[in-house]
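Below is a short note on the model, written as numbered points. Please read it alongside the coordinates.

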Amino acid sequence: MSIEMPCGKWIVAPSLLSADFGRLAADLERLEADADWFHFDVMDGRFVPNISIGLPVLEAVRKLTERPIDVHLMIVEPERYVEAFIKAGADILTVHVEASPHLHRTIQHIKECGGRAGVALNPHTPLSSVKEVLADVDMVLLMSVDPGFGGQRYIESCTRKISALKEICQRERLAVDIEVDGGLKLDNVLVPALAGANVLVSGSGVFGAADPAAAIRTIKQRLTAL
């Protein structure tokens, strides 16, 4: 799928990690009109202390939505699975700097396979770790919780990190999307947005609401009021 993702436009991406997998098709249909992307977390039980979903579920999701699918690989040796995840339906494929010893090569491989390339940083990982690849990536994902589980609280110190990355991108004139994932709900979603993030992932903040579609619309209303 060919997609345009201009920086500066807020993108709201509900995280399927918090969805009810017994009614995933119904949830996707219900959110299709309001979600900008769908965020798809892959965990292997090694890089993070949890196991989630993988290629077969991604293939099923791809058939159910026209929205871009933002795949976040929280796995060791992500370079081994780049082509498979792109073929299964990933539009954006993000790998962790902590798990990618040959990061530049992996980024190039993602692009060669037809995907948009993202790199993710855990809360404790400094921005300096991606300095040499910023000009090569389409997106940087800043984790605002320690990855592995949904429903955690937003780590407040990550706000400064978002602002610092935004300043770097502006100074270097880099068209890089800044994504934030972890603990974002209606009461704090403006915090990373004001700091410079333009892609906002929300799991329990959307799927934990009585009306998930309405929760997305409310988030967007608050963003457009900035």
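1. The buried residues of helix H1 pack against strand S1 (11–14), S2, H2, H7 and helix H8 (212–224). Those buried residues are Leu-24, Asp-27, Leu-28 and Leu-31. They span an arc of only 100° around the axis, which places them on the same side of H1. Buried here means under 20% relative accessible area, exposed means over 50%, and partly exposed lies in between, with a 1.4 Å probe and protein chains only. The arc is that of the directions from the helix axis to the C-beta atoms. Contact means heavy atoms within 4.5 Å. Helices (H or I, at least four residues) and strands (E, at least two) are DSSP runs numbered from the N terminus.

2. On provenance, this is a predicted model in which local features need pLDDT of at least 70 and side-chain atom pairs count only at pLDDT 80 or more, while totals for chains, interfaces and linings use all residues. Residues are numbered from 1 along each chain as its sequence is written, and side-chain values use heavy atoms, with hydrogens and water left out.

3. Helix H2 (residues 55–64) has Leu-58, Val-61 and Arg-62 as its buried residues. These cover an arc of only 105° around the axis, which puts them on the same side of H2. An α-helix has 3.6 residues a turn, so residues three or four places apart point the same way. On the other side of H2, Pro-56 and Lys-63 are exposed. The packing partners of the buried residues of H2 are helix H1 (24–31), S2, strand S3 (69–74) and helix H3 (82–88).

4. How many residues of S2 are buried? The count is 6 of 6, and S2 is mostly covered. Phe-38, Phe-40 and Val-42 lie on one side, with His-39, Asp-41 and Met-43 on the other, and both faces are covered. S3 is likewise listed with 6 of its 6 residues buried, so it is largely enclosed by the rest of the structure.

5. S2 and S3 pair in the parallel sense over 6 bridges; two strands are taken to pair if DSSP finds at least two bridges between them. In S3, Leu-73 is the bridge partner of Val-42, and His-72 is the bridge partner of Asp-41.

6. Strand S7 (residues 177–181) has 5 of its 5 residues buried, so it is largely enclosed by the rest of the structure. Asp-177, Glu-179 and Asp-181 are buried on one side of S7, and Ile-178 and Val-180 are buried on the other. S6 and S7 pair in the parallel sense over 5 bridges. One of the positions involved is Met-139, whose bridge partner in S7 is Asp-177.

7. Two residues in the loop between S5 and S6 deserve a look. Asp-138 sits between strand S5 (116–121) and strand S6 (139–143) and is buried, with a relative accessible area of 17%. Neighbours within four places in sequence aside, Asp-138 is in contact with Lys-111, Arg-116, Ala-117, Ala-175, Val-176 and Asp-177. Asn-122 lies in the loop between S5 and S6 and counts as buried at 9% relative accessibility. With neighbours within four places again set aside, the contacts of Asn-122 are Phe-47, His-96, Glu-98, Met-143, Pro-147 and Lys-161.

8. The structure holds 1 cavity of 30 Å³ or more. A cavity is a set of points, on a 1 Å grid over the protein atoms alone, where a 1.4 Å probe fits but cannot get out; lining residues have an atom within 4 Å of a point. The largest cavity has a volume of about 200 Å³, a volume being the space filled by probe spheres set on the points. Its lining comprises 24 residues, with Phe-149, Gly-150, Gly-151, Asp-181 and Gly-182 nearest the centre. Strand S2 (38–43), strand S8 (199–202) and helix H7 (204–207) each supply at least two lining residues.

9. Most residues other than glycine have a negative phi. Glu-77 lies in the loop between S3 and H3 and is partly exposed at 37% relative accessibility. Arg-173 lies in the loop between helix H5 (158–172) and S7 and is exposed at 80%.

Notes. 1 Å grid on protein atoms, 1.4 Å probe; cavity = no way out; pocket = protein on both sides within 12 Å on 5 of 7 lines; lining within 4 Å.
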